[in-house]
Amino acid sequence: MGNVVLVTGVGRHLGSRFAQVIRDQPGVDHVVGVDVHPGAHAIEGAAPYTFVGADIRRPVVARVIADHGVTTVVHLNVSTTTLGSTSRGAVKETNVIGTMQLLAAVQKAPSVKRLVVKSTTSVYGSAPRDPAVFQERMQPKVLPTGGFAKDAVEVEGYVRGFARRRPDVAVGVLRFANILGEDADTPLNEYFALPVLPTVLGFDPRLQFVHEDDAVEVLRLAAMEPRRGTTNVGTFNVAGEGVMVLSQAARRLGKPTVPMLLQAVSWMAGLARQTRLLDFSPEQLRLLTHGRVVDTTLLRETFGYTPAYTTEQALAALARAKRPGLLPPERIADWTDRAATLLPRPDAAAATSTIRRTEG
């Protein structure tokens with residue numbers, strides 16, 4: 001048996017797309033998909049495919065690796081939500097405990113020669129005193145204190161420990177910016193699908209996007225032997241070239257914005273999470289307040305790949321795929337009036353104090 005690729009998180013959109021692409025790669029003899037559910041997308045390709053319904057938090061993943069003689073592990077089951085549950089505790093267990101179980105299994109498997117881990121630029125956090133551009137070796141000014149960003153920081157720590165224990169395994173960590181696509185199941189994709197975009201009053205954050213086609217291609221290159229003159233071992237920021245501010249992105253999508261005090265947006269975000277209408281986490285709110293931009297020089301010059309879509313083109317592709325969401329002015333006024341009746345009315349001094357604390 002040649003190259004056997006195991007893909008975790010194959011029940012999700014990105015995982016299923018990657019599994020389908022990797023099946024057609026020369027030298028790939030077998031693809032094994034692992035997730036609690038197979039997902040709604042059919043996975044087709046040249047190489048044989050086996051789906052294993054398993055939870056990576058359980059030791060069964062070690063038997064899967066041993067039984068199939070896995071040589072490459074692509075860990076995509078690190079996400080903001082988990083299939084079959086919306087509980088934050090279950091999400092954290094899948095992200096962190098699941099990764100620990102997977103790494104323990106890989107460490108004991110002599111057949112594994114390559115490990116690719118999907119991470120996120122959220123590990124840099126979003127804070128008012130952040131540098132203009134984050135490079136891979138930079139540390140955040142303020143470490144993420146919770147949510148998916150903290151999970152990703154812990155996952156990367158465990159991966160670094162694994163790399164020290166198994167120096168014979170080629171390890172690649174891919175820090176993706178916000179992934180956009182017609183069917184991408186990401187928080188920012190869901191945010192841009194809202195008919196009206198709530199924004200934080202006084203802030204217009206800088207954002208970067210990566211198109212899902214580029215995300216799949218970077219994963220494919222990371223899972224294979226590197227091309228001549230390049231390397232896919234190490235940590236790489238993955239984002240489309242260029243930067244957009246949130247107000248510009250909203251105009252391109254044809255979406256009205258409703259600027260609100262930070263307290264009001266936080267209240268709405270909590271309500272959205274409680275009602276399961278939208279995964280609007282505190283870290284997402286910080287991103288939509290302070291923004292985040294990363295440097296992609298290593299991706300282009302060392303990894304050897306320049307994303308086909310710039311940040312602007314990735315958003316334009318999303319706008320073409322989705323129906324414009326511009327609402328009549330009376331609808332917007334009615335929505336904001338109803339939202340205002342549900343919110344506490346802070347006095348002017350309190351509002352001013354809130355803005356000053358936020359900007360500081």
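Which residue in β11 is the bridge partner of V173? The legends below refer to a predicted model, and the first view gives the answer.

**View 1. Strand β6 pairs with strand β11.**
T235 in β11 is the bridge partner of V173. The two strands pair in the parallel sense over 5 bridges. Strand β6 covers residues 170-176, and β11 covers 234-238. Helix α4 packs on the sheet and touches β5 and β6. The direction of α4 makes about 160 degrees with that of β5.

**View 2. An open sheet is formed by 7 strands.**
The strand order is β3-β2-β1-β4-β5-β6-β11. The pairing is parallel. Strands β3 (49-53) and β11 (234-238) stand at the edges. Each has a single partner strand, so one side of each is left without a neighbour in the sheet. From one strand to the next, the twist averages 15 degrees.

**View 3. Strand β5 is mostly covered.**
Of its 7 residues, 7 are buried. R114, V116, K118 and T120 point one way from β5. L115, V117 and S119 point the other way. In the order of the sheet, β5 sits between β4 and β6. Strands β4 and β5 pair in the parallel sense over 4 bridges. There, V74 stands opposite V116. On the other flank, 7 bridges join β5 to β6, and these strands also run parallel. K118 stands opposite L174 in β6. Both V116 and K118 are buried.

**View 4. Helix α1 lies across several strands.**
Helix α1 takes in residues 13-23.

**View 5. Helices α3 and α4 pack against each other.**
Two packed helices are described by the angle between their axes and the distance between the axes. For α3 (residues 88-107) and α4 (residues 147-165), the angle is about 10 degrees and the axes are 10 Å apart. That makes α3 roughly parallel to α4, because angles under 35 degrees count as such. On the α3 side, the contact residues are R88, V91, K92, N95, V96, T99, M100, L103, V106 and Q107. They meet G147, F148, D151, E154, V155, Y158, V159, F162 and R165 in α4. By class, this contact has 10 nonpolar, 4 polar and 5 charged residues.

**View 6. Helix α6 is mostly covered.**
Of its 12 residues, 10 are buried. These are E212, D214, A215, V216, V218, L219, R220, L221, A222 and A223. Charged residues such as E212, D214 and R220 are thus listed among the buried ones. At 1.5 Å a residue, helix α6 (residues 212-223) should span 16 Å. Its end C-alpha atoms are 17 Å apart, which agrees.

**View 7. G39 lies in the loop between β2 and β3.**
Is G39 buried or partly exposed? At 37% relative accessibility, G39 counts as partly exposed. G11 is 28 residues away along the chain. Even so, the C-alpha atoms of G39 and G11 are separated by 4.0 Å.

**View 8. The whole chain, for orientation.**
The chain has 13 helices and 13 strands. Buried residues make up 51% of its 360 residues. Among contacts between residues at least 6 apart in sequence, 79% join residues at least 24 apart.

Terms used: Residues numbered from 1 in each chain as written. Predicted model: local features only at pLDDT ≥ 70, side-chain atom pairs only at ≥ 80, totals over all residues. Heavy atoms only, no water. Axes fitted to C-alpha atoms, helices over the stretch in contact; angles between N-to-C directions. Parallel < 35°, antiparallel > 145°, perpendicular 65-115°, else oblique. Contact = heavy atoms within 4.5 Å. Pairing = 2+ DSSP bridges. Expected span 1.5 Å × (residues − 1). Buried < 20%, exposed > 50% of the residue type's maximum accessible area, 1.4 Å probe, protein only.
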